[in-house]
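Biologist: I would like to learn how to read salt bridges and helix packing from a set of coordinates. Please take one feature at a time.

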Amino acid sequence: MKAIRFTNEGRSLALNEEPIPMPGRYDVLIKVHAASLNYRDQAILDGEYGGPFQKTGVPLSDGAGEVFAIGEGVTRAKVGDRVSANCHPHWIGGGNLPEYQADSLGMATDGWLAEYILVHENGIVQIPAYMSYIEAASLLCAAVTAWTALNLGSPLQPGQTVLVQGTGGVALFSLQVARMFGARVLAITSTDEKSEKLKELGAEAVVNYRRYPDWEHEILSLTGGKGVDKVVDIAGDKTIVKSAASTRKGGDITIVGFVSGFGGGIPPIDILSRALSVHGTGIGPRTNFDALLTAMAMHKVKPVIDQVFPFAEYQAAYQRIESGNHIGKVVIEVAN
């Protein structure tokens, strides 16, 4: 099979010809049809990812495909099933534990940027019939993170107001999940083109943060001075203080990214005096993935796909992520 692996201590990628892996007990061998990228995939190549990863491994935590073979004892999948898998296969439910990182797909173990992938059956989820492999491949990190982020502090409720940031995968999935719940969505972004896309997907109002650097004042104005109920903070360093200023007393902020860096900082008195709940999330358990897919199937929600690249042009897909111009998910079609 063809597989892309990290080289040079994770600072570059190379195409390899390798034997197809054999499934062991409880393993599911998947013929990969599509894989998608996240910001952290480019951050690894740039040397800006702070977490552990396998420096000779196959990258990408997100993908989808067809079950090609199963190992002894497998009951959650059969040959021919259309499947994806949770990023942390053994994180089935409950809170995030350190041991779940030990087999994180595309990080601690080989990921989806290959013609075949082995996944423990605990991580397997079935793809809804209406969804293509390319669409399903976009969900694992970004969509599950969005679902988790909006329900981590307290369950998302109809009529609440949610603030999303940008037009990357997590931001757009957060918008789509919020709309499925009947929530009002406000957004910030950098261009008028991106603003229009956010409005098409259901954002009630969008603030251009280049035009309004102090965008938190615009968000407060849009909420009558009250602030939003929930914020999904993508950028970290340059947004977290403004996110806090945009949030109502007793509201929730979930930090899911570090696009602008690892610094920033909310004064403790702001958290204390306004009873803010600030959380970090590490994607989510398989139960969240299952719940997300059920909700998406009920509403026939389609992921926003920015661009699809053939397997041979995987480097161009990384360049698209690096440019920051994408709107939605960047996908690599491994097999059609």
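**Salt bridges and helix packing**

Modeller: Arg5, Glu18 and Asp110 are linked in a network of salt bridges. Keep in mind that this is a predicted model.

Biologist: How many salt bridges does the structure hold?

Modeller: The structure holds 16 salt bridges. In one of them, Arg5 pairs with Asp110, and the closest N and O atoms are 2.9 Å apart. Arg5 lies in strand β1 (residues 2–7) and Asp110 in the loop between β5 (82–85) and β6 (116–120), so the pair ties together parts that are 105 residues apart in sequence.

Biologist: Is Arg5 buried or exposed?

Modeller: The cut-off for buried is under 20% relative accessible area. Arg5 has 19%, so Arg5 counts as buried. Asp110, at 28%, is partly exposed.

Biologist: Which side chain meets Glu216 in a salt bridge, and where do the two residues lie?

Modeller: Glu216 meets Lys242, at 3.4 Å from N to O. Glu216 is in helix α6 (residues 215–222) and Lys242 in helix α7 (residues 240–245), 26 residues apart. Both Glu216 and Lys242 are buried.

A further pair is Arg320 and Asp306, at 2.8 Å from N to O. This pair ties together parts 14 residues apart in sequence, because Arg320 lies in helix α10 (residues 314–323) and Asp306 in strand β14 (residues 305–310). Arg320 is partly exposed, with a relative accessible area of 22%.

Biologist: Now helices. Which residues of α5 are buried, and why do they line one face?

Modeller: The general idea comes first. An α-helix has 3.6 residues a turn, so residues three or four places apart point the same way. In helix α5 (residues 192–200), the buried residues are Lys194, Ser195 and Leu198. Seen down the axis of α5, they fall within an arc of 105°, so they line one face of the helix. They pack against α4 (169–180), β9 (184–189) and β10 (205–208). The face turned away from the buried side of α5 carries the exposed residues Glu193 and Glu200. After α5 comes Gly202, with a positive phi near 120°.

Biologist: At roughly what angle do the axes of α3 and α9 cross?

Modeller: The axes of helix α3 (residues 142–151) and helix α9 (residues 286–299) come within 9 Å and cross at roughly 95°. That makes α3 roughly perpendicular to α9. On the α3 side, the contact is made by Ala143, Val144, Trp147 and Thr148; on the α9 side, by Asn288, Phe289, Ala291, Leu292 and Ala295. By class, this contact of α3 with α9 has 7 nonpolar, 2 polar and no charged residues.

Note on methods
Residues are numbered from 1 along each chain as its sequence is written. This is a predicted model: local features need pLDDT of at least 70, side-chain atom pairs count only at pLDDT 80 or more; totals for chains, interfaces and linings use all residues. Side-chain values use heavy atoms; hydrogens and water are left out. Buried means under 20% relative accessible area, exposed over 50%, partly exposed in between (1.4 Å probe, protein chains only). Helices (H or I, at least four residues) and strands (E, at least two) are DSSP runs, numbered from the N terminus. The arc is that of the directions from the helix axis to the C-beta atoms. Contact means heavy atoms within 4.5 Å. Axes are lines fitted to C-alpha atoms, for helices over the stretch in contact, and angles run from 0 to 180 degrees between N-to-C directions. Angles under 35 degrees count as roughly parallel, over 145 as roughly antiparallel, 65 to 115 as roughly perpendicular and the rest as oblique. Ala, Val, Leu, Ile, Met, Phe, Trp, Tyr, Cys and Pro count as nonpolar, Asp, Glu, Lys and Arg as charged, and the others, Gly among them, as polar. A salt bridge is a side-chain nitrogen of Lys or Arg within 4 Å of a carboxyl oxygen of Asp or Glu.
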